[in-house]
Amino acid sequence: LGKQDYKKTRPMLRATRLKAEAKKTALGVKEVALVLAAILVFLLAFYAFFYLNVSNEVDLDLDPDEN
């Protein structure tokens with residue numbers, strides 16, 4: 001079984017090794033999805049923070065007892 005690798009030519013072995021290295025370093029769909037989800041959560045939290053602050057300031061400006 002082990003002798004089959006020695007029958008391959010040197011360029012074939014090199015191509016196989018490069019293909020294996022590329023597979024190890026390539027970004028998977030899972031990693032990309034996790035990064036996008038993290039960015040989305042951050043943006044939603046940022047938006048909610050400012051939305052709540054602005055809505056509280058507007059409520060304070062509109063005092064119903066002014067009339």
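Is phenylalanine 50 buried or exposed, or partly exposed, and what is the relative accessible area of phenylalanine 50? In this predicted model, local features require pLDDT of at least 70 and side-chain atom pairs count only at pLDDT 80 or more, whereas totals for chains, interfaces and linings use all residues. Residues are numbered from 1 along each chain as its sequence is written, and side-chain values use heavy atoms, with hydrogens and water left out.

Phenylalanine 50 has a relative accessible area of 41% and is partly exposed, a class lying between buried (under 20%) and exposed (over 50%), computed with a 1.4 Å probe on protein chains only. Phenylalanine 46, at 46% relative accessibility, is likewise partly exposed.

A search of the whole structure finds four aromatic pairs. Phenylalanine 46 and phenylalanine 50 form an edge-to-face pair, with 4.8 Å between centres and 70 degrees between planes. Rings of Phe, Tyr and Trp (its six-membered ring) pair if their centres lie within 6.5 Å; planes under 30 degrees apart count as stacked, over 60 as edge-to-face and the rest as tilted. Because they are four residues apart in helix α3 (residues 29-61), phenylalanine 46 and phenylalanine 50 are separated by about one helical turn; helices are DSSP runs (H or I, at least four residues) numbered from the N terminus. The pair formed by tyrosine 47 and tyrosine 51 is stacked, since the ring centres are 6.1 Å apart and the planes lie at 20 degrees. These two tyrosines are also four residues apart in helix α3, and both tyrosine 47 and tyrosine 51 are exposed.
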